[in-house]
Amino acid sequence: MQVRFPRIDYSRVRPDWAPNREFACDRNASSTIPTYIEPYLIKIMNRAKEALPESAIELRQAVETFNLQEGQHTRQHSAFNRRIREFYPEILPLELKLKADLERFAEARSLRFNLAYCEGFESLGPPAAKLWFEHSDALLEGADYEAVAMWKWHMAEEFEHREVCYRTFKALYAKGLLGRIGFGWLYRVYGFLFVFFHLGAYTKAVRDRMLASDRSRMTPEELAQSRHNLQAVSRLALRRLLPALLPVLSPFYDPANKRPPRGMDAYLARFEKAGDMGRDTPAPAAG
Ligand SMILES: [Fe+2]
Ligand SMILES: [Fe+2]
């Protein structure tokens, strides 16, 4: 596990970066989440690190690297999102509501609740990585480099650090076999379901607002195409994402047992020092 620093220029990003504009719209809505949730993850994981025993040296170090990775995710998504928000200023109130929700959780709720929320969020990572690397090729054909590189790098790192919140939650609130399959398990599942519905409702609201703006300018033919495109996005989630999330509900769930998505490790290496940042073609010369 290591911190990587992608060099991606987002200055020319447009919301319709994929041929299926509704797919891009759906991911643009999701992209607003890391701007708010990843600083929250860092805050909560710092608190959790302090609660871990001094002897948990390796896990404490893993939390530090996790936080550095999440910091980079926030930075990249926020740069991307600034461009998207120029096209949809009407999403800002929804974003601020998410920010306020997370601030309220961090201030008013227990560390156990917040850590279960973090782990619930993190358990979305491996299925999302699999979706990007193994099931999205058709939708990514002809898509712009910036959005694809940002998402695939991010989801690959989510896969890479998938165990950190899980292990921390287990160490603090689900110790031993009884904790793992008893109340600790139930609370972890509660955290996951809470996140699933909280962020699901948020993402849908942002996406609907973006779609309403796009569709207000469409002809009847374009509107029919838009509805057709959105069905492809929903089908992908129903067939590939939801079934992949079911194991999270099991008392025997352990993200460590997951195998990396196809091509992920090689792709991630391209974001290391002197890497090509996932570009298929060389970057245009400056000036
Ligand atoms: Fe992240
Ligand atoms: Fe993460």
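Helix axes here are lines fitted to C-alpha atoms over the stretch in contact, and the angle between two of them runs from 0 to 180 degrees between their N-to-C directions. Helices themselves are DSSP runs of H or I with at least four residues, numbered from the N terminus.

This is a predicted model, in which local features need pLDDT of at least 70 and side-chain atom pairs count only at pLDDT 80 or more, while totals for chains, interfaces and linings use all residues. Residues are numbered from 1 along each chain as its sequence is written, and chains are lettered from A and ligands numbered from 1 in the order in which they are written.

**Helix 2 and its partners**

Let us start with helix 2, which covers residues 57-87. Two of its packing partners are set out below.

| Pair | Angle | Axis separation |
|---|---|---|
| Helix 2 and helix 7 (residues 145-160) | about 160° | 11 Å |
| Helix 2 and helix 8 (residues 164-173) | about 140° | 10 Å |

A crossing is left-handed if the near helix is turned anticlockwise from the far one by less than a right angle, and right-handed if clockwise. Helix 2 crosses helix 7 in a left-handed way.

The nonpolar class holds Ala, Val, Leu, Ile, Met, Phe, Trp, Tyr, Cys and Pro, the charged class holds Asp, Glu, Lys and Arg, and the others, Gly among them, are polar.

The crossing of helix 2 with helix 8 is left-handed. Leu 59, Ala 62, Val 63 and Phe 66 of helix 2 meet Val 164, Arg 167, Thr 168 and Ala 171 of helix 8. These residues divide into 6 nonpolar, 1 polar and 1 charged. An α-helix has 3.6 residues a turn, so residues three or four places apart point the same way.

Burial is judged by counting other C-beta atoms, placed from the backbone, within 10 Å of a residue's own: 20 or more is buried, 12 or fewer is exposed, and in between is partly exposed. Gln 69 in helix 2 is buried, with 22 such atoms within 10 Å. Leaving aside residues up to four places away in sequence, Gln 69 touches Val 3, Glu 157 and His 161.

Arg 60 also lies in helix 2, but Arg 60 is partly exposed, with 16 other C-beta atoms within 10 Å. Apart from residues up to four places away in sequence, Arg 60 touches Lys 49 and Leu 52. Arg 60 and Glu 86 are 26 residues apart in sequence and 39 Å apart in space, C-alpha to C-alpha.

Asn 28 sits in helix 1 and counts as buried, with 27 C-beta neighbours inside 10 Å. Asn 28 and Asn 81 are 53 residues apart in sequence and 7.7 Å apart in space, C-alpha to C-alpha. Pro 15, Ile 84 and Met 210 touch Asn 28, not counting residues up to four places away in sequence.

How many of the 12 residues of helix 4 are buried? The count is 9 of the 12, so helix 4 is largely enclosed by the rest of the structure. Among the buried ones are Asn 114, Tyr 117 and Phe 121. Their cover includes helix 1 (21-51), helix 3 (92-108), helix 5 (125-134), helix 8 and helix 10 (183-215).

The expected span of a helix is 1.5 Å times one less than its number of residues. Helix 10, with 33 residues, should span 48 Å, and its end C-alpha atoms are 47 Å apart, which agrees. Buried residues of helix 10 include Gly 184, Tyr 202 and Met 210.

**After helix 12**

Most residues other than glycine have a negative phi. Ala 274, in the segment after helix 12 (264-269), has a positive phi near 70°. Ala 274 counts as exposed, with 5 C-beta neighbours inside 10 Å. Met 277 also lies in the segment after helix 12, and its phi is positive too, near 60°. Met 277 is partly exposed, with 19 other C-beta atoms within 10 Å.

Conventions. Helix = DSSP H or I, 4+ residues; strand = E, 2+ residues; numbered from the N terminus. Contact = placed C-beta atoms within 7 Å.
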